[in-house]
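Open the structure in your viewer and keep the selection tool ready. The tour goes from one group of aromatic rings to the next.

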Amino acid sequence: MRRTRTARTTRRTRGATVPGAGSGTVPGGGFGAGAGGGFGRGFGATLAVLVAALGAVLATALAAPAGAAGAPDITQLTLSSGQFRLTDTDYEAATGNLYSAYLTHHVDLTGVITTDFTQDSAGKADGWLGLRSMRGCSGSSETGALPPVTTSTAWCWSSAYSDDTTAHWYPQGLSTTGTADGSDGAISGDRVIAVSWHYALVGNETSAGCKTKNVVKVTFIDRDTGKYRHVLLVEPTSTGAGASDFDFVTGHGGGIAWYSHYLYVTDTTHGIRVFDLDKMARVDDYGSSVTTVGMHGGRSSACGYPYVLPEVHRYFQSGTPTSCDGTSIDPAHLCFSWLSLDKTGGTPYKLVTGEWYGSVNGARIVRYGLNPASSASSPGLLTTSGGASVVQDAWTADRYDGLQGGMTWTDSSGVLNFDLHKGCGTSPGVFSHTWVGDTRATTTCASGGNWAAGTPQALSYWPVLGTTHVDELWGLTEQPGQRTVFAVGFTDPAVQDRH
C-alpha cells in the first residue's frame, strides 16, 4: 500500500548558510551563462530574476533536516591517472552514410510524437502501430507505486498491447526536453519525456532475432497530449563511411540523459552510447508482423517499429568490471547503471552516471564534462583531453546501496547536492536528498522505505515551461502493474526533506 510520511520540519544550519538545496540554487540555475543550453537559446534577464527570487524561497523551504550524526554519506574519490576516463568510437561517418543512402525517410521529433499509423507498410490495418496514450493510474497497485507526496503529473502506461503489464519490456531511464534545451523546456516547440526500456526473456524462451535479451528501445511521450511512441535504438554494423547496414542495440538501458540533440544511454559494463535525434528515420518495412532488423533486399526494417534512432558515438572504459551483479565493486572499472544531467555550478555542464549494487555500500557517482551545444568543437558531446573524456569529479555513496537513479546540483553556497533513488523490490523504496558533508543516518529498505512501491528508477529535473517556473523532479517505476511516470515539486519540503 502507498505510504505517507509527515515532512520533517526540524532545521539546522552550517555556518552562516543552510546546506543542501536550501542554500538557494535550483538545478539548472546555470543555464543562461556563457554558451548556454542547446540550440543557442538562453534564459535571459527575466528568468535570471525568477531564479534569484526562487532561491530566496528555497533557503527557507528546503533547509536540511536534523538527524543523527555519523560518517559522511558521500565522499569524494581521489582518482589515479586515467581512472574512469572513456575513449570514443566515432560512428558519425557510418551513420551519416546510412542516413543519406539507406534510411532516407527522414523524420523529426514532432513527426515521431504526432504521426499516427493505422496501417503497416504493406497497407494492412495494424492497430499495434498507432500512437498510444498515457493514462491516469488506477487501483491500489498503480496508485501505491506513486510517490507519497503531491504529484503534478501521475501517469501510467496504456493497457493497449500491455505496456503497463508486460513482463517482456521494463522501463528504466528517463530524461526530458526540460534540461536538454535549457531555454523553455521544449525543443522546436515540443515538450517531451524520453524513457528507455530493455527486453527480458520470460520462462524458457530462447534469445533470438528481435526477441533477443536486452534489446533497447526508447519511448517519446508528448507532455502536452500524453501520446507516445516507441522507437528502436540502432547502431551501424561498421564504423566506416561506407556503412550499409545496421542492427538493434542491446544493454540494460538503465540510464538516459538528453542534451541538445543527443540522447546518452548507459552501456552497463562498457560505458556510454550516444544517439542523434537529428538522424531519426522511418524504415521501409514496419508493422506487428515484421520480425527483421537492418537492410534486407534493399529495404530497411526495425523489428516492426516504424522509426529508428541511430548511434553516433560510443564511449568505452578501459576494460570491463569483474561483476555488475551487485555483490562486489571493481575499483578500476564502473558499472554504468544510471544517468542524469547537471547544468549547475558553472561550465562545463556535467553528465552524471552512477552504479547499482544490490546490497553493497560504496557505489561510485562519476561526473563527466560536456561541451556546450554551441561549442565549435564536438558540440554537445563529452569534453575530451588527450583522447579521453574528462572526469570532473567522482564520489562514493558510502552509506547507500542499491541506487536506482540520481541527480546532482551545486547550490549557491557552492555545496554539491545529491538526490538518490533506491529500489526495495515491490515494497516502498527510498528517496534521499543528501550533500557533501551530510552525516545524517540514512533511510533503508529495512526501516520501511519512504517513497513508493514498484521499484523507483531514474530522476530528471524539469525547470521551466515557457517562461513559467515549474521546478519538477521526474521519475518512474518499473514493475509490471506498478509502472508509473510522475513529477513532484522539486522545491516541495515533503520531497527534499526525505533521507
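**Aromatic rings, stop by stop**

The model holds 15 aromatic pairs, where rings of Phe, Tyr and Trp (its six-membered ring) pair if their centres lie within 6.5 Å, and planes under 30 degrees apart count as stacked, over 60 as edge-to-face and the rest as tilted. Select F117 and Y307: the ring centres are 5.9 Å apart and the planes stand at 65°, so this pair is edge-to-face. F117 is in the loop between α3 (109-114) and β4 (132-133), while Y307 is in strand β18 (residues 307-316), 190 residues apart. Helices (H or I, at least four residues) and strands (E, at least two) are DSSP runs, numbered from the N terminus.

This is a predicted model, in which local features need pLDDT of at least 70 and side-chain atom pairs count only at pLDDT 80 or more, while totals for chains, interfaces and linings use all residues. Residues are numbered from 1 along each chain as its sequence is written, and side-chain values use heavy atoms, with hydrogens and water left out.

Stay with F117, which counts as buried at 10% relative accessibility; buried means under 20% relative accessible area, exposed over 50%, partly exposed in between (1.4 Å probe, protein chains only). Y307 is buried too, at 2%.

Finally, select R223 and W462. The charged end of R223 sits over the ring of W462, 4.6 Å from its centre; this term requires NZ of Lys or CZ of Arg within 6 Å of the ring centre and within 35 degrees of the ring normal.
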